[in-house]
Amino acid sequence: MKRIKQHITLLSILLIAGCGALQSQYKIKDGSDLLTLQQVPMEKAYLHLSTATIFSGEYLYYKFYNLNAATGRLSGISRVAYVSLIDPEGKEVFTQKLRLNKGMAYGDFFVNTDLLSGEYTLVGYTRWMQNGGIDQTFHQTVKIINPYNTKRAGILPDASDSLKTRVSFTLARENWPPFAPTEGGLIEMAMDTAVYGPRSPFNLQLRNFKGRLGHGSYSLTIKKVEELEGPAVMSALQYAVASAGLVPKLPKRVGDSVALPEQRGELIYGQVLQQGQPVSGQEVFLSVPGQQYVLKALDTDDAGNFYGYLRESYSNGQLIIQAPSNESLEIVYKSAPKLDFSDLTNEQIALKAGDREAIVARSVQNQLENAFFSVKPDSVPAPELEDPFLGALPEITNLDEYTRFRTLEETLVEILNLVGYRKTPTGRSYIRVAQDFETFDEEFNTDPALVLIDGVYIPDVDLIRNFDARLIKRIKVLRDPLVLGGLPYQGVVYFETFEGDFAENYQAPNALNTTLDLPQPQKLYFRQQHGVEGSEYESVPDFRNILLWEPELTIDGPELFLKGFTSDLTGTFEVVLEGFTTYGKPISVRTRFMVK
């Protein structure tokens, strides 16, 4: 493990030293270079899906397991993963970004009526996996049924087709085994009974009889068994067999280009040009606005390229890149290389006339569920954002407590005695924060303050000298000295506007305003309850196909208990546990029960 970490550090050095290539591609220079890269194991991914047949108006849930292709254990190499939905013609519909935590993440997407019926492909991958091509990624066929749009011919049967009689399938309780062990019997699970009634509580027990051999990370779903024909959800055991032939180390040669892994966070990169020529040694600032802002200082390499990682969580999808200079510069923001999805085509699905009844019933149920979504929503916990002041306590001035002045400069002069405009011997303006000589034993300096508005770095403070101070809610001043990008600053001055929208209209020389796709939030999914006296849910229809989706299960003891409630739907339901032990062994456990 120590050796792997050492080589990951070497990759960081290769990246930051500057490879002179575009689109996060590193060109392998020689055999020594290749050997270093090949010491970092390749990755592979497994996605546990809640279902592989999904209707318009439903959510598809997934858990992303990022695995070391050599050992099968969870990988700590990449910190960012991606999930793409590919349409039947092999074209990308959308891509979701995930922040990996200990090699895992989870997400979901809502199937709206814009997606036509057909067999789509869900693809999971990291940038490091892209070096192995599409075969190195996880891809699973999912069947989408959109009964509200029949644009694709042959999807729904003609009205003249005869309807087949549907026979409900039942199974006596004594035929259900109390346990459904995985291969090797590491994890077993049991329901408290084999038959439940509608809106009844159920209890599920996971048992680990093998001690540390069963410890691991898992995900679990309880879903009504699909009535329509369609693709099956791939299990962890099936994936382990199917992925056994994937390459364990980088399949490249000297002179090839390599997509570098996002091992320290989300990779941001681009190039600075002047009249079409690269500018080396140029300082570049990356700003992600907001109260919990992110600010990075980078330098361009000999080819004018800059690279940086966003390790911190962010809730604002705006990115401002600035290259402070007296010269006119062009900033080019580079996009990550795309995988070639063109081979992931699927044949058009054909539904039988006998499926009409099931399709209509499920569509009505989905409409009712969506109509009452507001009373049973999922929640998104506030992200653990880092304190931009790193624990220091800034002095806060709420401007509504003082007489208002028109401009920012007037406000500093009249209200903040410790902050004001100054000029360097060369005549350049800067904002100065007075040093705190009573608290700190430090030498006098003339360093400028780090100035931000709503988290946007302001390199030229003359641009905000006449900014309308009536838009500013408060000013936070930190008097501690700091260093950013190798340059010293005397304190921080943070201007917070009422609307927090300064970045939307910010324009400055040598600045580029662009957007970032926000990572998928790690939701707390709604848990239905019934039988509570006075509960608002008793009069609300409950047509959940998925009774429970639990993407974060950790087994580190002899047993684990889960609870839930059945819905108004009757029929056969299946409990599915998927995941991997800490030793990399795939685990798949299934059992069924009835609701009638």
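Select strand β12 (residues 201–208) together with β31, and you will find seven bridges joining the two strands, which run antiparallel; helices (H or I, at least four residues) and strands (E, at least two) are taken here as DSSP runs, numbered from the N terminus. Within this pairing, pick Leu204, whose bridge partner in β31 is Leu562. Two strands count as paired if DSSP finds at least two bridges between them. As background, the strands of a sheet pair through backbone hydrogen bonds, either parallel or antiparallel.

Before going further, keep in mind that this is a predicted model, in which local features need pLDDT of at least 70 and side-chain atom pairs count only at pLDDT 80 or more, while totals for chains, interfaces and linings use all residues. Residues are numbered from 1 along each chain as its sequence is written, and side-chain values use heavy atoms, with hydrogens and water left out.

Now widen the selection to the open sheet of three strands, which has the order β10-β12-β31 with antiparallel pairing. Because β10 (187–191) and β31 (559–565) stand at the edges with a single partner strand each, one side of each is left without a neighbour in the sheet. From one strand to the next the twist averages 20 degrees, where axes are lines fitted to C-alpha atoms, for helices over the stretch in contact, and angles run from 0 to 180 degrees between N-to-C directions.

Next, select Gly584, which sits in the loop between β32 (571–581) and β33 (586–595). Is Gly584 buried or exposed? With a relative accessible area of 14%, Gly584 is buried, a word that means under 20% relative accessible area, with exposed over 50% and partly exposed in between (1.4 Å probe, protein chains only). Leaving aside neighbours within four places in sequence, Gly584 is in contact (heavy atoms within 4.5 Å) with Gly72 and Arg73.

The tour turns to charged pairs. A search of the whole structure finds 23 salt bridges, each being a side-chain nitrogen of Lys or Arg within 4 Å of a carboxyl oxygen of Asp or Glu. Select Lys296 and Glu312, whose side chains meet in a salt bridge (2.9 Å, N to O). The pair links distant parts of the chain, with Lys296 in strand β18 (residues 294–299) and Glu312, 16 residues apart from it, in the loop between β19 (305–310) and β20 (318–322). Lys296 counts as buried at 13% relative accessibility, and Glu312 counts as buried at 16%.

Move on to Glu395 and Arg479, which form a salt bridge with their closest N and O atoms 3.7 Å apart. Glu395 lies in strand β22 (residues 395–398) and Arg479 in strand β27 (residues 472–484), so the pair ties together parts that are 84 residues apart in sequence. Here Glu395 is partly exposed, with a relative accessible area of 39%, whereas Arg479 counts as buried at 15%.

Finally, colour the chain by pLDDT, the predictor's confidence in each residue, from 0 to 100. The mean pLDDT of the chain is 86, and 87% of its residues reach 70 or more. Over residues 1–10, pLDDT stays under 50, and the model has nine contacts beyond four places in sequence for this stretch.
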